[in-house]
Amino acid sequence: MRVLVVEDEPMLADAIAEWLREETHAVDLAHDGEAALQRIAVNDYDVVVLDRDLPRVHGDEVCREMVASECDARVLMLTAAAQLDDRVTGLSMGADDYLTKPFAFPELAARVLALGRRSRPAAPPVLRRAGITLDPARREVFRNGRFVPLSKKEFAVLAELLRADGNVVSAEQLLEKAWDEHADPFTGAVRLTILKLRRKLADPPVVETVAGVGYRIA
């Protein structure tokens, strides 16, 4: 998934981003509300992890603007305020979930994953197609019963192809979901990852190239 972490404490922001990247998500960072709104306007995020007490533009206002613009991203709001009234206020502004500081990273990651599932059309917990079985929770892939060890990027790309359910996924869409905003679209990173993925999945070939359009698993 593509996740935006909005947190004004750089060390905490980096720690959250690193943890989520370990979960194979593509993660961008913003350290104030203004920067967050700029990124949300140009990128298609599945989940925004949003600190409430932000400089420049308050987290509450970021949430309100996301709702007003009919942004599809789900919002996990972070705050040091643990009172019931604070949680109710955050949720009433349009946040989808609420997590108080300090928090455990595994819980945050689990909540992000749950919100990400809600931001997409319903899909089975385990993805299956063409003899491939991908379990997002266990981070495991099998091809015809054989375990396939994949890198984080290979796993993320394969998950997107399986979620497409036989439809074509463009290289731009794969960059959007499996890489962060620093990815250079001209590096050939998607093509190289697809080549490695094909080699690891072995014969018969299962990832098809649709010339000039993208890739699919038929």
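Select Ile132 and Arg143: the bridge partner of Ile132 in S8 is Arg143. This is a predicted model, in which local features need pLDDT of at least 70 and side-chain atom pairs count only at pLDDT 80 or more, while totals for chains, interfaces and linings use all residues. Residues are numbered from 1 along each chain as its sequence is written, and side-chain values use heavy atoms, with hydrogens and water left out.

**The sheet**

Strands (E, at least two residues) and helices (H or I, at least four) are DSSP runs, numbered from the N terminus. Two strands pair if DSSP finds at least two bridges between them.

Now show the whole open sheet. Its four strands lie in the order S6-S7-S8-S9, with antiparallel pairing. Strand S6 (127-129) and strand S9 (146-147) are the edges, each pairing on one side only.

Contact means heavy atoms within 4.5 Å. Axes are lines fitted to C-alpha atoms, for helices over the stretch in contact, and angles run from 0 to 180 degrees between N-to-C directions.

Go to Arg139, in the loop between S7 and S8. Which residue forms a salt bridge with Arg139? Glu23 does, with the closest N and O atoms 3.0 Å apart. A salt bridge puts a side-chain nitrogen of Lys or Arg within 4 Å of a carboxyl oxygen of Asp or Glu. Glu23 sits in the loop between H1 and strand S2 (26-30), 116 residues from Arg139. The structure holds 19 salt bridges.

**H1 against H5**

Select 10-22 and 105-118. The axes of these helices, H1 and H5, come within 10 Å and cross at roughly 60°. That makes H1 oblique to H5, the class for angles that are not under 35 degrees (roughly parallel), over 145 (roughly antiparallel) or 65 to 115 (roughly perpendicular). Show side chains: Leu12, Ala15, Ile16, Trp19 and Leu20 in H1 meet Phe105, Pro106, Leu108, Ala109 and Val112 in H5.

**H2 against H3**

Finish with 33-42 and 59-68. Helices H2 and H3 pack at about 20°, with axes 9 Å apart. H2 and H3 are therefore roughly parallel to each other. Pick out Gly33, Leu37 and Ile40 of H2, then Val62, Glu65 and Met66 of H3: these make the contact.
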